[in-house]
Amino acid sequence: MATATATATKKFVYSFGGGVAEGKADMKALLGGKGANLAEMSMLGIPVPPGFTITTEVCAEYYKNDRHIPEDVIPQIVEGIAKVEALVGKKLGDPADPLLVSVRSGAALSMPGMMNTILNLGLTDESVEGLAAKTNNPRFAYDSYRRFIDMFGSTAMGLEHELFEHALSAMKTERGVKLDTELTADDLKELVIRYKAIYRAHTSPSHDFPQDPKDQLMKAINAVFNSWMGKKAREYRRIEKIEGLLGTAVNVQAMVFGNMGNNSGTGVAFTRDPNTGENVFYGDYLINAQGEDVVAGIRTPEPISRLQEEMPQVYDQLLAIREKLERHYKDMQDIEFTVQEGVLYMLQTRNGKRTGTAAVRIAVEMAREGLIDHQTAVQRVSPDSLNHLLLPRLDPKAKERPVARGIAASPGAAAGKVVFSAEDAVHLHDVHPSDPILLVRKETSPEDVAGMNLARGILTSTGGKASHAAVVARGWGKPCVVGCDALVIDEEAKQASIQGHIVREHDFITIDGTTGDVYIGKVPTVDPEMTGDFATLMEWADEYRTLKVRTNADTPRDARRAREFGAEGIGLCRTEHMFFEDQRIVDMRKMILADTTEARVKALNDLLPHQRADFIGLFEAMDGCPVTIRLLDPPLHEFLPHDDSGQLEVAKQLGIPVEKVRQRVAQLHEQNPMLGFRGCRLPILYPEIGDMQVRAIMEAAIDCAKRGVSVHPEIMIPLIGTVEELKILKERAQALCEQLLSEAGLSIPYLIGTMIEVPRAALTADEVATEAEFFSFGTNDLTQMTLGLSRDDITLFMPTYLEKKIYKIDPFQSIDIAGVGQLIEMGVRKGRQTRPNLKIGICGEHGGDPDSVAFCQSVGMDYVSCSPFRVPLARLAAAQAALTNGGKVQRDK
Ligand code: PEP
Ligand code: MG
């Protein structure tokens with residue numbers, strides 16, 4: 001007997017609702033987020049219509065099995081349906097009183113609107129009559145049936161949804177009505193006949209609309225599994241970097257109806273405001289409607305607070321559920337509910353997507369409310385979401401007046417060139433990649449995600465706070481305004497009018513997603529500040545952080561800004577950026593074109609006061625903190641013009657023959673400039689260049705020290721590959737520093753170290769550390785040289801490489817741990833073998849990437865350095881890395 005059940009023991013179907021809960025919230029990988037939470041809500045005694053979840057494992061099997069549901073799953077589905085029938089007291093296909101079910105997707109991570117949903121399944125020509133009689137509401141019955149034929153046809157059978165939409169519009173025109181709700185029961189009965197004819201005409205091979213509910217159900221389940229590999233879903237996973245999931249689960253659940261009259265309705269809500277994080281109940285509902293009507297943004301819904309007036313009891317019940325869910329999940333929830341003839345049912349709960357601003361406020365307030373501790377609050381917020389708090393705001397001093405106001409759906413200000421379709425956004429980006437884009441649509445749909453992703457901001461004329469545009473924009477931290485009634489779009493003509501202003505394609509408009517305001521033209525913006533909850537969360541993060549965070553800055557302004565964001569020093573000052581302004585570039589060119597050392601020294605002497613003044617500014621801005629200054633790094637030809645007219649001008653300016661300029665440019669020309677005459681190779685050949693820079697650093701330090709500024713200069717020598725290079729340059733720099741200090745009669749602590757950018761330097765780090773007093777990993781060049789990949793020439797093939805997963809992630813964005821990571825780990829280990837207290841950091845772009853920061857923590861670096869606006873991200877990432885010991889951080893999406 002035991003053997004008979006051996007193969008049947010694997011569970012593929014989990015029931016929930018009506019007092020049953022076979023799954024629970026922590027089974028998301030298997031049941032998907034929706035299924036796991038429906039089970040959890042059932043367990044908590046919250047009213048959930050009965051149903052069952054087919055596991056994500058079945059989806060994986062479905063694909064292995066050539067898109068067929070494995071045989072041994074079918075009996076469990078049949079049993080699942082039987083349980084629902086028993087709980088509801090109705091039978092699927094019963095002609096007198098049919099059970100109707102919804103069939104919905106639900107992966108482990110939420111993918112809003114990306115996969116298929118079929119409602120009202122179980123209706124047939126016969127059972128629709130039963131439903132009409134039983135509910136005494138033929139209008140409702142036929143409306144449900146026509147919606148089902150549409151959804152089943154378009155999602156399960158791949159017919160164009162527009163075919164049904166056109167038939168609906170035609171019917172409304174024939175009857176002389178505007179709204180769907182004005183169609184009568186007889187009209188809808190007629191519409192069902194037309195829909196079935198469309199179904200028959202467009203299915204291939206042509207067949208009648210299925211009249212066996214079990215057949216409908218199996219086809220619908222297949223359709224949900226198929227949608228997992230649909231274009232929309234794949235695109236969404238690519239953009240959101242969702243990987244490693246088995247597939248989607250399928251939830252089959254007894255239908256409840258929000259469209260049964262004025263004592264019914266449906267809504268979506270968040271337990272706190274997902275824009276601002278404020279602790280208020282926030283959402284929308286529609287009376288006499290089905291769930292999809294709210295999410296699709298077709299009708300503009302009512303704010304949830306009005307439900308208190310319309311259905312006070314239901315509202316109170318919802319408030320109690322809101323409280324219960326937050327206490328249970330200890331996080332903000334995004335819920336869906338339906339009221340059927342005065343009875344409330346919950347259809348979904350999940351951790352709500354929120355803006356970065358809201359994420360921070362919710363984490364801090366929940367910690368203050370005692371729901372979570374500081375450590376959880378710090379781990380709750382994804383570092384990337386802080387970008388949202390670092391978005392520009394409209395300049396309060398700006399004089400422009402808004403021309404219209406919509407619903408503020410996702411904060412931050414954005415100005416951009418208007419496009420009226422997602423395809424046009426993609427096109428504009430292809431042609432002018434740096435142009436800011438503002439996508440203006442009536443509403444958005446999942447097809448638009450590629451264009452939405454490229455846009456700086458999104459503006460729609462319809463839709464509410466839970467519309468597709470709002471949810472997606474919020475998830476991506478993009479400014480968004482929805483439901484802007486004053487906006488009238490003519491898609492064909494590619495223009496819109498807003499309160500009498502005509503806006504054509506590529507005209508500028510500005511939106512403020514914090515207030516909902518819309519402006520014609522480009523409104524100036526200002527930079528953000530770190531105050532309030534943001535500052536609090538950062539303080540909490542600092543309690544756990546062990547890595548220091550510095551900044552890459554070349555100007556006192558950037559340095560000051562970074563300090564306001566919490567930078568603890570400068571990890572990289574690229575001195576070459578200081579040679580481009582005004583007279584400096586002239587002196588620089590004089591230096592490069594000099595024939596003799598004396599002439600070169602003379603030009604360098606002219607540059608010296610400028611450099612010294614720059615460094616004084618940096619030391620003052622970083623009073624008390626270390627400042628790492630890198631000696632000149634780029635190839636010299638970058639400072640000379642390559643075109644005839646530019647060369648002629650330089651010749652005139654310097655009073656030399658143009659031929660001489662040409663010759664020097666030709667002489668400095670390199671086939672592969674990134675591997676040529678640059679970095680430490682420059683001062684090896686022209687020591688006077690290094691001398692001038694070292695002198696400027698030390699004289700600036702002496703000047704500051706004399707005035708009481710606490711200076712900690714760190715002189716950094718770039719691009720060394722052998723210890724000999726470093727030895728030569730260090731000895732010379734040290735001698736000059738000592739000479740200047742003794743002349744000044746001062747002692748200033750300073751360090752001379754190097755960048756690790758050439759793989760050989762990492763491989764021989766033990767030797768390099770005999771000279772270097774610190775290492776700073778220049779992971780831009782290190783990545784370039786390790787992967788043999790020019791950092792400036794990847795645009796052509798990188799997208800394909802990422803798509804084909806040759807690289808899982810752009811290695812210039814996040815450290816290639818398997819390759820470059822080995823060199824870094826070895827560099828740190830070998831460096832410290834020689835010099836146990838060797839100070840080690842990173843100053844490549846990766847220093848501001850959360851996963852790379854976690855890696856830096858795991859190999860034992862002392863600090864990371866990143867651009868000023870990424871400093872808060874790095875602080876939070878460093879805290880999270882410390883809390884997980886450098887391991888992979890699990891954050892809510
Ligand atoms: C690096 O190579 O990582 C680095 C910081 O230097 P740069 O980007 O200036 O070459
Ligand atoms: Mg470099």
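Hi everyone, let's start with Glu-568, which is partly exposed at a relative accessible area of 24% (buried is under 20%, exposed over 50%, partly exposed in between, with a 1.4 Å probe and protein chains only). Its partner is Arg-545, with the closest N and O atoms of this salt bridge 2.9 Å apart; the term means a side-chain nitrogen of Lys or Arg within 4 Å of a carboxyl oxygen of Asp or Glu. Arg-545 is buried, at 12%.

A word on the source: this is a predicted model, where local features need pLDDT of at least 70 and side-chain atom pairs pLDDT 80 or more, while totals for chains, interfaces and linings use all residues. Residues are numbered from 1 along each chain as written, chains are lettered from A and ligands numbered from 1 in the order written, and side-chain values use heavy atoms, leaving out hydrogens and water.

Back to the pairs. Arg-612 and Glu-699 also form a salt bridge, at 2.3 Å between the closest N and O atoms. Arg-612 is partly exposed at 25%, whereas Glu-699 is buried at 18%.

How many salt bridges does the whole structure hold? The search finds 63. Some are linked: Glu-576, Arg-630, Asp-633, Arg-678, Asp-781 and Arg-791 make up a network.

Glu-757 is buried at 2%, and Asp-781 is buried at 3%. Thanks, everyone!
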